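Look through the sequence and the fold below before reading on. The paragraphs that follow go from the overall layout to helix packing and then to aromatic pairs.

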Amino acid sequence: MEAAFSWDVIGWTLGLLIPLGFGFAAMLDFRLAKICFIFAAAVLAAKGMYWALTGQAASSYRIVGSFVWVGTAAALAVIAVDYVNSKHGQEVNVGTSSQSPTEPTTERHRLVKLLIKNHPRISPPIQRHASVFLPVWLGVINIVREERTQQSLQSVVEVFGRALVSVSKEGLIAEATFTLLCLEKEGFIRVKNDTANGMWWGVSFKNIEYEFVHEKLQDFIHGL
């Protein structure tokens with residue numbers, strides 16, 4: 001047990017996990033990047049707890065020290081996950097704009113403006129304005145279109161991941177569902193199946209399998 005918590009083992013473990021986390025983030029595998037960073041923080045916290053249980057210092061020092069140690073590890077985990085989420089957000093923002101930056105700003109996000117105009121009614125559990133969440137989810141849907149063979153609400157929320165936003169998981173699922181249903185009503189996608197259930201971060205929801213309408217695909221792409 002003592003050998004497992006030695007600084008040699010801890011150092012090698014952290015030296016492996018942290019570069020792997022940055023590597024996965026660079027390869028846009030955000031889920032594995034978060035796992036590496038969180039596991040690295042857990043290893044560091046475990047080292048602190050082991051010292052608190054087996055150290056030779058006074059018990060009061062070991063208790064205070066363990067709180068500081070574990071708190072520092074948790075703070076580093078939050079910082080690392082926030083870094084991954086920022087990388088994910090940058091990738092999503094790239095997906096929301098497929099037009100050249102030299103084009104007039106008024107021509108961008110035409111699809112968002114169309115959906116806001118034609119579908120103004122938003123109800124709970126959606127908590128944010130459509131102008132805030134529609135560009136994000138349209139970008140994610142476009143990434144799913146480019147990278148996934150399975151076009152579904154399940155794929156959309158999986159690609160989105162779990163960003164550090166002040167929105168409940170139910171609210172995020174409702175936003176994604178609202179976006180897909182708006183696209184269906186506007187004729188951009190065709191729903192193939194909506195009877196199966198999906199699961200995301202412990203929340204069950206009604207999954208939507210869909211396909212893009214070929215005749216409207218270019219309008220979708222250029223409207224982002």
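Helices (H or I, at least four residues) and strands (E, at least two) are DSSP runs, numbered from the N terminus. By that definition the chain has eight helices and four strands, and along the sequence they follow the pattern α-α-α-α-α-α-α-β-β-β-β-α. The model is predicted, with local features needing pLDDT of at least 70 and side-chain atom pairs counting only at pLDDT 80 or more, while totals for chains, interfaces and linings use all residues. Residues are numbered from 1 along each chain as its sequence is written, and side-chain values use heavy atoms, with hydrogens and water left out.

Of the 224 residues in the chain, 42% are buried, meaning under 20% relative accessible area with a 1.4 Å probe, protein chains only. Contact means heavy atoms within 4.5 Å. Among contacts between residues at least 6 apart in sequence, 62% join residues at least 24 apart.

Two packed helices are described by the angle between their axes and the distance between the axes. Axes are lines fitted to C-alpha atoms, for helices over the stretch in contact, and angles run from 0 to 180 degrees between N-to-C directions. Helix α1 (residues 7-26) packs against helix α2 (residues 30-54) at about 160°, with the axes 8 Å apart. The pair is therefore roughly antiparallel, the term for angles over 145 degrees. Residues of α1 in this contact include W7, L14 and F22, and those of α2 include F30, C36 and K47. By class, 18 residues are nonpolar, two polar and one charged; Ala, Val, Leu, Ile, Met, Phe, Trp, Tyr, Cys and Pro count as nonpolar, Asp, Glu, Lys and Arg as charged, and the others, Gly among them, as polar.

Among the residues in contact are W137 and V140 of α5 and S155 and F160 of α6. This contact has ten nonpolar, one polar and no charged residues.

Rings of Phe, Tyr and Trp (its six-membered ring) pair if their centres lie within 6.5 Å. The whole structure holds eight aromatic pairs. In one, F133 and F178 have ring centres 5.9 Å apart and planes at 75°, so the pair is edge-to-face, which applies to planes over 60 degrees apart. F133 lies in helix α5 (residues 130-147) and F178 in helix α7 (residues 169-185), 45 residues apart, so the pair links distant parts of the chain. Both F133 and F178 are buried. Elsewhere, ring pairs link F188, Y210, F212 and F220 into a cluster.

Terms used:
Parallel < 35°, antiparallel > 145°, perpendicular 65-115°, else oblique. Phe/Tyr/Trp six-rings, centres within 6.5 Å; stacked < 30°, edge-to-face > 60°. Buried < 20%, exposed > 50% of the residue type's maximum accessible area, 1.4 Å probe, protein only.
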